[in-house]
Amino acid sequence: MAAGSNAPTASEYIVHHLTHLNSSGEAQKNIVDFSIINWDTLFWSVSMACLTAFLLYRAARRVTPGVPGRFVGAIESVIEFVHEQARSIVRGDISYIAPLGLTVFIWVFLMNCMDFIPVDLPSFLLHLTGLDRSIHYQRVVPTADLNGTLGMSLIVLFASLYYGIKIKHPGGFVHELFTAPFGKHILLAPFNFALQLIEYAAKTISLGMRLFGNMYAGELVFLLIALLGATATWWGFGLHFATGFVWAVFHILIVTLQAFIFMMLTLVYIGQAHEGH
């Protein structure tokens with residue numbers, strides 16, 4: 001964008017790119033507002049979920065006897081890796097848990113990879129199509145939205161509660177809530193129950209916050225690198241290319257590692273539901 005009186009400042013540029021397309025039509029003012037829906041987070045997370053299902057479906061359809069192709073071989077390697085992790089962590093039937101871990105890993109990885117899209121590309125495409133008149137904001141990284149990551153962590157919480165009740169039966173599950181970790185004495189029951197609630201809450205919040213924090217920081221770094229190109233100087237363009245390339249290469253490790261951590265913690269929390277105190 002050419003420099004001029006209408007050009008945004010650096011802070012305005014960053015704030016604009018960190019604002020969601022939501023149901024209110026403007027930037028969210030309150031930290032917590034359950035009446036607002038971030039449409040961009042929903043759209044891109046569902047799109048990546050559909051892409052995950054499509055890739056796994058295509059791999060399943062292309063499986064044949066003999067040596068697999070590179071695409072099928074790559075998917076099979078990921079499946080075997082996740083299956084081994086699930087088998088080593090969960091003490092029980094993993095016929096449903098391993099596919100859950102596989103889906104979580106690929107889905108989160110694809111959502112994280114949206115961070116590699118140039119920060120100004122969505123705005124540029126919206127401008128070309130004329131949609132920028134109605135769509136003023138667009139964030140394409142669902143895992144950089146705390147609503148998205150906490151939503152996924154809540155699903156993991158419900159899954160762990162489901163397996164806890166299924167494995168230990170309702171009576172055993174409730175009994176454990178009031179007897180662990182301090183013991184079965186009636187006077188300790190309130191303290192046991194309070195700690196159990198704190199443990200479930202801490203695991204859920206930390207699971208969502210960890211993924212959000214890393215991806216939000218990565219998105220912010222890309223925005224800061226993009227500002228170097230706006231200096232319209234040779235050193236600005238040089239640093240923009242050099243730092244952008246280095247950070248993009250390093251970010252490949254981050255997006256993969258965060259997907260792996262989220263998948264592993266999902267398996268760990270569900271595995272804990274299979275174990276008694």
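Is Glu 26 buried, exposed or partly exposed? Glu 26 is partly exposed, at a relative accessible area of 43% (buried is under 20%, exposed over 50%, partly exposed in between, with a 1.4 Å probe and protein chains only).

## About the model

This is a predicted model, where local features need pLDDT of at least 70 and side-chain atom pairs count only at pLDDT 80 or more, while totals for chains, interfaces and linings use all residues. Residues are numbered from 1 along each chain as its sequence is written, and side-chain values use heavy atoms, leaving out hydrogens and water.

## Salt bridges

The whole structure holds five salt bridges (a side-chain nitrogen of Lys or Arg within 4 Å of a carboxyl oxygen of Asp or Glu). One of them joins Glu 26 to Lys 29 at 2.9 Å, N to O, and Lys 29 is exposed at 66% relative accessibility.

Then there's Arg 139 with Glu 219, whose closest N and O atoms sit 2.5 Å apart. This pair links distant parts of the chain, 80 residues apart: Arg 139 is in the loop between helix 5 and helix 6 (146-179), and Glu 219 is in helix 7 (helices are DSSP runs of H or I, at least four residues, numbered from the N terminus). Arg 139 is buried at 4%, and so is Glu 219 at 7%.

## Helix packing

Helix 1 (residues 10-17) packs on helix 7 (residues 189-229) at about 140 degrees, with axes 11 Å apart (axes are lines fitted to C-alpha atoms, over the stretch in contact, and angles run from 0 to 180 degrees between N-to-C directions).

Definitions and conventions:
Helices (H or I, at least four residues) and strands (E, at least two) are DSSP runs, numbered from the N terminus.
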